[in-house]
Amino acid sequence: MNATIMRLALQALAGQRRGLLLVGLPLLLVVTAAVLRALTGEAVSARLVVLELGLALVVPLVSLLAANGVLGPEIDDGSVVYLLSTPVSRYAVAASKFVVAAAVSVVLGGGGLAATAFAGGLSGRWLLASALMGAIAAVLYTALFTAMSAATRHGMIAGLVYVLIVEGLLAAFLVGMRYVSVQSLTQRLGEAVTDVDIPPVDLSLTYAGVAAAVVLVVGVLLAGWRLQRFQLRGDE
């Protein structure tokens with residue numbers, strides 16, 4: 001990894017208007033939980049607010065914004081060519097940008113889910129589980145979306161299709177989609193390591209662990225490989 005690239009990537013996220021969205025999405029979720037609790041006088045539904053809104057929607061969107069923000073604009077305007085002209089491994093470039101995007105996603109995604117559980121009046125166990133599942137999902141989504149951003153100029157659209165269509169729509173009707181769903185992998189891992197009532201996912205723990213590792217490693221490697229081809233072909 002390269003410290004300079006990481007610093008520039010962080011500055012890029014903080015300096016873009018998407019930075020407001022990165023903070024605004026989890027903040028909106030926290031406010032929603034607080035308002036629901038105030039209106040009902042009871043703790044919010046963990047399944048509805050934490051899982052179906054937070055884990056299924058807010059965390060992947062935050063990860064998509066972060067992953068696309070550290071790489072997408074450079075590919076769009078062609079300035080990535082100048083970055084790739086430096087004597088830095090393309091895999092180091094991809095890994096550096098991934099680490100920054102993942103760190104931001106974990107803080108805002110995992111932290112946002114934990115804050116939502118707290119604002120919604122959920123138990124301490126749910127607070128811990130929310131933070132853990134949010135962090136796992138943030139890292140996996142970021143790896144996936146980093147690869148998408150490196151692979152195409154339309155990384156944001158590809159990510160939205162995955163979140164809204166593959167996981168949001170197809171997974172509701174096709175049982176087999178759970179095998180390629182980051183949300184399902186996260187819930188299965190969360191079910192194994194936390195002591196809260198999470199809807200069971202029909203996946204083996206071994207598969208969930210291996211699949212999560214594959215998404216993480218392959219996602220970053222694919223991004224690095226695509227950056228190598230980008231320089232050689234100069235076709236983007």
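1. From the N terminus on, the elements of the protein run α-α-α-α-α-α-α-α-α, and the secondary structure amounts to 9 helices and 0 strands, where helices (H or I, at least four residues) and strands (E, at least two) are DSSP runs numbered from the N terminus. The model is predicted, so that local features need pLDDT of at least 70 and side-chain atom pairs count only at pLDDT 80 or more, while totals for chains, interfaces and linings use all residues. Residues are numbered from 1 along each chain as its sequence is written, and side-chain values use heavy atoms, with hydrogens and water left out.

2. Of the 236 residues of the protein, 48% count as buried, a word that here means under 20% relative accessible area, with exposed meaning over 50% and partly exposed the range in between (1.4 Å probe, protein chains only). The accessible surface comes to about 11000 Å², and 69% of that surface belongs to carbon and sulfur atoms, the areas being computed by the Shrake-Rupley method with a 1.4 Å probe. Among contacts (heavy atoms within 4.5 Å) between residues at least 6 apart in sequence, 75% join residues at least 24 apart.

3. The axes of helix H2 (residues 18–40) and helix H5 (residues 90–119) come within 8 Å and cross at roughly 10°, the axes being lines fitted to C-alpha atoms, for helices over the stretch in contact, and the angles running from 0 to 180 degrees between N-to-C directions. H2 is therefore roughly parallel to H5, because angles under 35 degrees count as roughly parallel, over 145 as roughly antiparallel, 65 to 115 as roughly perpendicular and the rest as oblique. On the H2 side the contact includes Leu 22, Pro 26 and Arg 37, and on the H5 side it includes Val 104, Gly 112 and Phe 118. By class, this contact has 13 nonpolar, 2 polar and 1 charged residues, where Ala, Val, Leu, Ile, Met, Phe, Trp, Tyr, Cys and Pro count as nonpolar, Asp, Glu, Lys and Arg as charged, and the others, Gly among them, as polar.

4. Which residues touch the most other members of the largest nonpolar core? Of its 60 residues, they are Leu 22, Trp 126, Phe 145 and Tyr 162, a nonpolar core being a set of buried Ala, Val, Leu, Ile, Met, Phe, Trp, Tyr and Cys residues joined through side-chain atoms within 4.5 Å. Among the elements that give two or more residues to this core are H2, H5 and helix H6 (124–151), and H3 gives the most, with 14 residues. Apart from this core lies another, of 5 residues, among them Ala 95 and Val 220.

5. Leaving aside neighbours within four places in sequence, the contacts of Tyr 162 include Tyr 141, Phe 145, Glu 167 and Val 180.

6. Val 218, in helix H9, is partly exposed, with a relative accessible area of 37%. The C-alpha atoms of Val 218 and Leu 144 are separated by 8.5 Å, although these residues lie 74 residues apart along the chain.
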